[in-house]
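Hi,

Here is the structure we talked about. Please open it alongside this email; my notes follow below.

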Amino acid sequence: MGAEQKPVQKSGAVRALTRGLSILRHVNSVGEARPGEIAKALNIPRPSVYRLLQTLEEAGYVAFSASANLVRVTRLAASLGDGSALSSEICQSAAPILAEYSALLIWPLDLTIQHNASMVIQETTHGRSPLSIDRAMIGSHLPMMRTSAGRAYLTFCDQTQRDLILAHIRRLGDPADEPFLDPRWLARMMYETRERGFALRDAGEFRAQTASLAAPIMAAGGIVGCVSMIWIRSALGTREALATYAAPLVEVAAQIAKSIAD
């Protein structure tokens with residue numbers, strides 16, 4: 001009787017292992033995914049996906065976002081990919097720090113990384129902030145020239161990368177970017193950003209209702225991302241925002257950088 005059961009047990013274990021590896025490869029390839037999306041993409045029943053994700057999470061290979069029903073690979077699974085592993089490592093380090101500071105800063109925070117000459121939101125506290133007017137921000141692409149995150153990234157990245165990003169933006173030819181590509185405006189913006197240690201957007205140049213600050217997350221190899229705070233312009237003036245929130249935001253970025261280094 002026992003001999004007859006072994007092939008069945010082995011078959012079930014192999015199927016679970018195969019599905020688990022498929023899920024891990026899929027999440028690593030797309031960067032992040034919801035359980036329902038994984039189930040659909042791999043044709044695996046959703047309850048099975050949840051069980052396997054729980055196992056992978058317990059083993060330390062995946063982690064759920066602190067602010068959305070999204071799963072990413074962890075640094076333990078970094079050998080399975082390249083760029084997505086880096087963004088996953090940043091998100092894993094940043095999520096608890098953003099959650100901790102969200103109660104202090106109240107206004108929503110975004111963690112962004114640069115991709116293809118835009119800033120992509122990887123983590124956010126929009127969902128938990130009572131002052132947010134946006135929802136479902138993860139995955140949103142933000143313009144480099146008209147957001148504080150993009151301006152911070154341009155300022156603190158190396159010259160070679162900056163030139164490539166600016167050349168790509170010029171090729172795209174978005175009329176909204178033209179005033180901010182002026183060399184004199186760029187030089188002044190980068191000088192002010194470097195002197196302050198953070199970038200500012202407060203003239204309604206991206207979303208008219210809001211303004212934002214962004215601080216760079218600096219690692220040994222240079223800038224790896226930015227953390228931004230967004231506020232409603234009619235509710236908070238720039239001077240008060242700078243006086244109250246700039247220093248804590250820079251501290252958030254430093255804490256994330258330290259967590260990545262550790």
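This is a predicted model: local features need pLDDT of at least 70, side-chain atom pairs count only at pLDDT 80 or more; totals for chains, interfaces and linings use all residues.

**The sheet and what packs on it**

Strand 3 (residues 109-115) and strand 8 run antiparallel, joined by four bridges.

Ala211 stands opposite Trp231 of strand 8.

Put together, six strands make an open sheet with antiparallel pairing, in the order 5-4-3-8-7-6. Strand 5 (141-143) and strand 6 (199-201) are at the edges. Each has a single partner strand, so one side of each has no neighbour in the sheet. From one strand to the next, the twist averages 35 degrees.

How buried is strand 8? Of the eleven residues in strand 8 (residues 222-232), ten are buried, so the rest of the structure largely encloses this strand.

Helix 5 lies across strand 3, strand 4 (118-124), strand 6, strand 7 and strand 8. Helix 5 runs at about 155 degrees to strand 8. Helix 8 (residues 238-261) packs on the sheet too, touching strand 3, strand 6, strand 7 and strand 8. The direction of helix 8 makes about 30 degrees with that of strand 7.

**The cores**

The largest nonpolar core has 31 residues. Which of them touch the most other members? They are Ile217, Met229, Trp231, Val252 and Ile256. Helix 4 (83-105), strand 3, strand 7, strand 8 and helix 8 each give two or more residues to this core. Helix 8 supplies the largest share, nine residues.

Met229 is worth a click. Neighbours within four places in sequence aside, Met229 is in contact with Leu105, Trp107, Pro108 and Leu109, with Ala211, Ser212 and Leu213, and with Tyr245 and Leu249.

There is also a second, separate core of 25 residues. Among its members are Cys157, Ala199, Ala214 and Ile223.

Two packed helices are described by the angle between their axes and the distance between the axes. Here are both values for two pairs.

Take helix 5 (residues 148-156) and helix 7 (residues 183-196) to begin with. Their axes come within 9 Å and cross at roughly 85 degrees. The two helices are therefore roughly perpendicular to each other. On the helix 5 side, the contact uses Arg151, Ala152, Leu154, Thr155 and Phe156. On the helix 7 side, Trp185, Met189, Met190, Thr193 and Arg194 take part. By class, six residues of this contact are nonpolar, two polar and two charged.

Next, helix 5 with helix 6 (residues 159-172). The axes are 8 Å apart, and the packing angle is about 135 degrees. That makes helix 5 oblique to helix 6. Helix 5 brings Tyr153, Leu154 and Thr155 to the contact, and helix 6 brings Gln161, Arg162, Ile165 and Leu166. Four of these residues are nonpolar, two polar and one charged.

Best wishes

Methods
Residues are numbered from 1 along each chain as its sequence is written. Side-chain values use heavy atoms; hydrogens and water are left out. Axes are lines fitted to C-alpha atoms, for helices over the stretch in contact, and angles run from 0 to 180 degrees between N-to-C directions. Angles under 35 degrees count as roughly parallel, over 145 as roughly antiparallel, 65 to 115 as roughly perpendicular and the rest as oblique. Contact means heavy atoms within 4.5 Å. Ala, Val, Leu, Ile, Met, Phe, Trp, Tyr, Cys and Pro count as nonpolar, Asp, Glu, Lys and Arg as charged, and the others, Gly among them, as polar. Buried means under 20% relative accessible area, exposed over 50%, partly exposed in between (1.4 Å probe, protein chains only). Two strands pair if DSSP finds at least two bridges between them. A nonpolar core is a set of buried Ala, Val, Leu, Ile, Met, Phe, Trp, Tyr and Cys residues joined through side-chain atoms within 4.5 Å.
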